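Please look over the model below.

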Amino acid sequence: MLFDEGTELENEAAVAAVLVPVAVAGAYSYRVPPGMKVRPGSVVRVPLGPREVIGAVWEIETSPRVSRRKLRDILHLYDDVPPLSDDLRRFVDWVAGWTLAAPGMVVRMVLRSEEALKPEPPVSGVRRVEGAQPERMTPARARVLDLMMDGLGWTKSGLAATAGVSSSVVDGLLAQGVLEPVELPATLPPPLPEIDRPAPRLNPAQEEAATQLRAAAGGGFKAFLIDGVTGSGKTEVYFEAVAETIRKGRQALILLPEIALTDQFLDRFERRFGARPAEWHSEVPPRRRARAWRGVATGDVRVVVGARSALFLPFRELGLIVVDEEHDAAYKQDDRVPYSARDMAVVRGHITGFPVVLASATPSVESQVNARQGRYVRLELPERASGAELPEITPIDMRNNGPERGRWLAPALVGEMKAAVEDGAQALLFLNRRGYAPLTLCRTCGYRFQCPNCSTWLVEHRFRGQLQCHHCGHSQPIPHACPSCNATDTLVACGPGVERIAEEVADLLPDARVLVLSSDLPGGQERLKREMKVIEEGGADIVIGTQLVAKGHNFPLMRVVGVVDADLGLAHGDPRAAERTFQLMAQVTGRAGRITGKGKGFLQTYSPDHPVIRALLTGDREAFYDSEIEARRSSRLPPFGRLAALVVSAPDRSEAQAYARALARAAPRAGEVTLLGPAEAALALVRGRHRFRLLVMAPRAFDLQAYLRHWLKAAPAAKGGVRLQVDVDPQSFL
């Protein structure tokens with residue numbers, strides 16, 4: 001029996017089922033100590049084996065499964081934070097059921113460290129005693145007392161620094177009774193967004209979309225797709241939905257796919273609302289994350305901007321979720337609990353009953369189909385908000401007009417870059433390869449540098465003098481001689497990465513200011529923030545970057561965009577390869593001419609007649625989506641069919657293969673289901689573990705989760721070092 005959220009139980013014989021953050025099938029039973037008041041959703045600390053863990057009460061057991069005498073007590077109730085809501089607990093159960101993950105692993109994404117569950121202790125401060133005067137007034141004392149005329153408290157260090165005096169001056173006033181010690185809150189409540197602050201003027205298409213979103217705010221569930229060209233002002237439109245949501249007394253969550261986008265977005269939010277929202281992603285310091293978690297739970301924080309994990313924050317009054325760049329693959333988590341934040345955002349909105357807004361210049365095929373079938377309301381923004389025209393896209397046929405031997409940039413592209421720089425504009429070169437070169441080999445014996453832990457080549461990072469694996473992080477110095485034949489001066493870098501392109505640009509345009517943007521460069525998020533600011537303010541002439549430059553950035557001076565290898569994403573068997581290449585190319589070329597117009601995009605390609613390249617050149621986006629949707633329909637691929645991947649891994653290849661075969665033999669027979677594999681994964685070795693994959697294909701209406709549960713129940717248990725990962729709706733086929 002589940003008690004409703006308002007029920008409290010105080011009974012020394014009570015038993016609570018507590019969901020703990022471990023990979024087990026359900027909750028554990030614990031006694032509720034006399035005097036402790038718990039209810040479903042209460043956050044508690046409980047013993048688990050020899051350790052103590054944070055968990056959540058999931059239900060009160062009226063008929064305990066285990067004798068109360070054999071149960072252990074709940075150790076602590078965190079009554080400073082509200083219990084998890086019924087809606088959030090239903091969402092946790094739904095995600096666990098959909099992904100076949102242990103519910104405890106899902107609730108682990110909700111509950112944070114103990115620091116987040118306790119209020120921060122107050123800090124010591126001082127306050128002026130009304131009417132008290134020092135024995136002798138000095139200029140330093142006068143400056144201190146002038147600051148304290150309003151009667152508010154200060155920290156000693158903050159007061160001394162602001163008044164420009166030493167701490168001994170403050171101590172002297174304390175000793176004379178002019179100041180008195182007080183306790184101050186550790187942090188002030190965050191400022192509320194100013195929803196009536198003047199907003200940018202919207203064009204007719206933006207205003208029509210904003211009107212529909214305002215009308216939906218505070219109502220029931222409805223899913224919207226803002227489908228607008230790059231630079232069409234999608235952000236300003238959904239800001240109107242955020243404002244209306246706050247006006248109705250609800251909270252809003254805005255999801256972004258990359259933390260590299262966050263800083264520029266926060267500045268934009270502050271210009272619109274006069275205050276910054278709470279920030280949630282892996283680069284936010286733990287203490288700030290703890291404050292955000294508490295503020296969300298208590299309702300003090302009204303807006304959160306974050307990465308996919310922010311979807312599991314315990315909002316008190318959530319009334320809107322926005323998924324920006326909804327097509328982005330970064331919204332899919334592949335480990336532990338494999339979930340799509342885009343799809344789960346729609347589920348959370350449906351469970352609680354509030355609108356969800358998806359936004360993209362290049363929507364996913366799944367969202368396009370949902371909009372065409374009426375499940376999502378499409379809001380179209382066909383023109384740029386600035387009035388600037390979309391960039392002109394030109395192919396460069398590398399078979400006929402490519403660069404000279406040893407170069408990677410075609411003369412036509414170099415000429416356009418040079419002209420843009422001479423005119424005070426900027427150019428962007430896009431290549432989705434980090435480092436200097438993706439492969440290093442010996443030209444004497446053919447030896448290739450491969451990761452010892454993964455079935456991938458080591459990427460050369462010449463700036464750091466390292467060869468590195470981008471899957472497990474293994475790195476080693478670049479040797480002076482071949483480790484196989486001991487020949488010297490025979491190691492050759494094959495293919496370009498962004499560092500190599502930067503080297504070529506410096507050689508061809510020596511006076512240009514060149515900036516390389518890549519997620520693996522030293523300095524992390526802070527460096528990216530500084531460099532984005534440099535580009536925005538015109539401090540760089542030529543920017544060379546990986547896919548992080550393709551997403552959501554606004555570079556006012558960017559005129560020319562060159563895609564160094566437009567064919568890069570098309571040459572493998574991923575069924576989403578064409579879609580993702582189209583999206584990436586459209587997004588990155590869309591950085592050109594966003595403000596002033598006259599933008600130009602150049603695609604270096606060996607396949608100018610490929611359907612993806614043709615769609616980009618002609619601007620016939622609908623024809624491309626029509627073709628992709630029909631291909632998915634005929635192949636029974638999502639969204640017209642269902643997929644599940646089962647990935648078996650083990651330190652020993654034969655063990656992984658044997659278990660994968662045993663797993664396949666245990667698969668239930670179902671005429672509607674197609675089972676492919678087991679086969680060695682495209683990345684057969686990752687982090688020292690050998691991998692085999694099985695792929696299940698089923699019709700859209702088929703109950704895939706029930707089939708998988710039946711299968712896993714009949715399958716032999718994975719033993720020893722063998723692991724099994726189930727990924728419903730996989731996005732990666734590596």
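The model is predicted.

**The parallel sheet**

Six strands form an open sheet with parallel pairing. Their order is E17-E27-E26-E18-E25-E24. Strand E17 (392–397) and strand E24 (514–517) stand at the edges. Each has a single partner strand, so one side of each is left without a neighbour in the sheet. From one strand to the next, the twist averages 20 degrees.

Within this sheet, strand E18 (residues 426–430) pairs with strand E26 (residues 558–563). The pairing is parallel and runs over 5 bridges. Gln 426 has Met 558 in E26 as its bridge partner.

Two helices lie across strands of the sheet. Helix H14 (residues 411–422) lies across E17, E18, strand E25 (542–545), E26 and strand E27 (600–605). H14 runs at about 160 degrees to E26. Helix H15 (residues 498–508) lies across E18, E24 and E25. The angle of H15 to E25 is about 160 degrees.

**The antiparallel sheet**

A further open sheet has 3 strands, in the order E20-E21-E22, with antiparallel pairing. Strand E20 (459–461) and strand E22 (475–477) are the edge strands, and each pairs on one side only. Neighbouring strands here are turned against each other by 30 degrees on average, direction ignored. E20 and strand E21 (residues 466–468) are joined over 3 bridges in the antiparallel sense. Opposite Val 459 stands Gln 468 in E21.

**Two helix pairs**

Two packed helices are described by the angle between their axes and the distance between the axes. The table gives both values for each pair.

| Helix | Partner helix | Angle | Axis distance |
|---|---|---|---|
| H5 (residues 156–163) | H6 (residues 167–175) | about 120 degrees | 8 Å |
| H7 (residues 204–216) | H8 (residues 234–247) | roughly 25 degrees | within 8 Å |

How do H5 and H6 stand to each other, oblique or roughly parallel? The angle is about 120 degrees, and H5 and H6 are therefore oblique. H5 passes H6 in a right-handed crossing. On the H5 side, Lys 156, Leu 159 and Ala 160 make the contact. They meet Ser 167, Val 170, Asp 171 and Leu 174 in H6.

H7 and H8 cross at roughly 25 degrees. Angles under 35 degrees count as roughly parallel, and H7 and H8 are therefore roughly parallel to each other. H7 passes H8 in a right-handed crossing. H7 brings Gln 206, Ala 209, Ala 210, Leu 213 and Arg 214 to the contact. H8 brings Glu 236, Val 237, Tyr 238, Glu 240, Ala 241 and Glu 244.

**Cores and Val 337**

The largest nonpolar core has 57 residues. Leu 84, Val 106, Leu 253, Val 304, Leu 311, Phe 312 and Ile 321 touch the most other members.

Where is Val 337 placed? Val 337 sits in the loop between strand E13 (332–333) and strand E14 (339–340). Is Val 337 buried or exposed? Its relative accessibility is 1%. Buried means under 20%, so Val 337 counts as buried.

Val 337 and Arg 709 are 372 residues apart along the chain. Their C-alpha atoms are separated by 16 Å.

Methods. Residues numbered from 1 in each chain as written. Predicted model: local features only at pLDDT ≥ 70, side-chain atom pairs only at ≥ 80, totals over all residues. Heavy atoms only, no water. Pairing = 2+ DSSP bridges. Helix = DSSP H or I, 4+ residues; strand = E, 2+ residues; numbered from the N terminus. Axes fitted to C-alpha atoms, helices over the stretch in contact; angles between N-to-C directions. Contact = heavy atoms within 4.5 Å. Buried < 20%, exposed > 50% of the residue type's maximum accessible area, 1.4 Å probe, protein only. Core = buried A, V, L, I, M, F, W, Y, C linked by side-chain atoms within 4.5 Å. Parallel < 35°, antiparallel > 145°, perpendicular 65-115°, else oblique. Left-handed = near helix turned anticlockwise from the far one by under 90°.
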